[in-house]
Amino acid sequence: MQHKISTRILTITMVSLSVLFMFVSCKKKNDPVQVPGTITAIVSNSPDFTFLKAAVVKAGLAATLDGKSPFTVFAPTNDAFMASGITMATINQLSPDALKGVLLYHTVSGKAMAKDLPSGPNANIGTVSGKDVFVTKNDKGVFVNGVTVTKADIMATNGVIHAISRVLMPPAGNIVETASANPDFTFLVAAVVRASQGNTNVASVLSGAGPFTLFAPTNDAFKAAGFATMDAINNADPNTLTTILTYHVIEGRVFSSDLTNAAMPKTVNGGTVTINLTNGATVKGNSNTTASKITSTDLVTTNGVIHTIDQVLLP
């Protein structure tokens, strides 16, 4: 009797295990396979990329980024667009060609995972737009034109996406041309023009191959430094202005991601400035009583990069 009961229990157990095995096997077989979509599909379906989706659609690039050719896209999130001062209204106002130029500056042919990106610092990578971006990998992370990669290696069937914290703006000209187009730098440009009438053609230097990094004082910074009007700049000694202006220039392309606390980089003037990152980024001239705040960073030019500051640096 005991033997019959044991045999029955064993039979029931074996049948139950068989049914469970078949159920699990069927579930695995019928479960949908999770396959990543194309770059366009990922951007279209992600709540983090609604601004980017609108820009891609208006620029007419949805089909391109949905195709087979592999691409690497440095993709600004919604927060990145807003941090760059670009709203949905801005996107709607821009022409398709303008948006296309900006978006292609975020796009590289081929698939490059984060580990495949060059370490740099500031290694140039050609984009589909024909203009270079500059990549740095260090212990702080991965950066493109000084902008942080917030999430790397979002896999797509036709490439890879790296989410970034700001929109990358393609360079529109060299340092002088870029400053000339910015209404916050009219005093700076006037000072460059006046200085170029002296022994050194500062405009020619800053338009050269470089690369250079310019800490660019705003109009208000010049006014606070004693140049209250444009006439004050135009009447200043050109060689004095040259000494001051070249003190704002560092050789090399130094993005915000390259700045280190307590660094004392040498300027074209020959003197040094002091960088401090303790409570926000600042730069101090040797004769300044207080440090200048770096109020905006990483304005890329064809021959370098511009950082905006709120004081004139004094050697």
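Which residue forms a salt bridge with Arg 166? The residue is Asp 298, and the closest N and O atoms of the two are 3.2 Å apart. This report describes that pair and other side-chain arrangements in a predicted model.

## Salt bridges

The structure holds two salt bridges. In general, side chains of opposite charge can pair when their charged atoms come close. In the bridge between Asp 298 and Arg 166, the aspartate belongs to strand β12 (residues 292-301), while the arginine belongs to the loop between β7 (159-164) and α7 (175-180), so the pair ties together parts that are 132 residues apart in sequence. Asp 298 has a relative accessibility of 8% and therefore counts as buried, since the cut-off for that term is under 20%. Arg 166, with a relative accessible area of 24%, is partly exposed.

The surroundings of Asp 298 can also be listed. Leaving out residues up to four places away in sequence, Asp 298 touches Asn 145, Gly 146, Arg 166, Phe 255, Ser 256, Val 305, Ile 306 and His 307.

Another salt bridge joins the side chains of Lys 115 and Asp 116, with 3.1 Å from N to O. Lys 115 is exposed, as its relative accessible area is 66%. Asp 116 has a relative accessibility of 42% and counts as partly exposed.

## Aromatic rings

The model contains three aromatic pairs. In one of them, the ring centres of Phe 51 and Phe 81 are 5.8 Å apart and the planes meet at 35 degrees, so the pair is tilted. Phe 51 is part of helix α3 (residues 50-59) and Phe 81 is part of helix α4 (residues 78-83), so this pair ties together parts that are 30 residues apart in sequence. Phe 51 and Phe 81 are both buried.

Phe 222 and Phe 227 form an edge-to-face aromatic pair, with 6.1 Å from centre to centre and 65 degrees between the planes. These two residues, Phe 222 and Phe 227, are likewise buried.

## Nonpolar cores

How many residues does the largest nonpolar core have? The count is 27, and the residues with the most contacts inside this core are Leu 188, Leu 206, Leu 214, Phe 222, Ile 233, Leu 241 and Leu 245. Two or more residues come from each of α7, α8 (186-195), α9 (202-206), β8 (212-217), α10 (219-224) and α12 (238-246). Among the contributors, α8 gives the most, with seven residues.

Ile 233 shows how parts of this region meet. Apart from its neighbours within four places in sequence, Ile 233 is in contact with Phe 187, Ala 190, Ala 191, Arg 194, Phe 222, Phe 227 and Leu 241. Both members of the edge-to-face pair, Phe 222 and Phe 227, are thus in contact with Ile 233.

Another core, of 26 residues, lies apart from the largest one. Its members include Phe 49, Ala 55, Val 73 and Val 167.

## Helix α6

Which residues of helix α6 (residues 96-104) are buried? They are Leu 99, Val 102, Leu 103 and Leu 104. The buried residues of α6 pack against α3, α5 (88-93) and β2 (107-109).

How values were computed: Residues numbered from 1 in each chain as written. Predicted model: local features only at pLDDT ≥ 70, side-chain atom pairs only at ≥ 80, totals over all residues. Heavy atoms only, no water. Phe/Tyr/Trp six-rings, centres within 6.5 Å; stacked < 30°, edge-to-face > 60°. Helix = DSSP H or I, 4+ residues; strand = E, 2+ residues; numbered from the N terminus. Buried < 20%, exposed > 50% of the residue type's maximum accessible area, 1.4 Å probe, protein only. Salt bridge = Lys/Arg side-chain N within 4 Å of Asp/Glu carboxyl O. Core = buried A, V, L, I, M, F, W, Y, C linked by side-chain atoms within 4.5 Å. Contact = heavy atoms within 4.5 Å.
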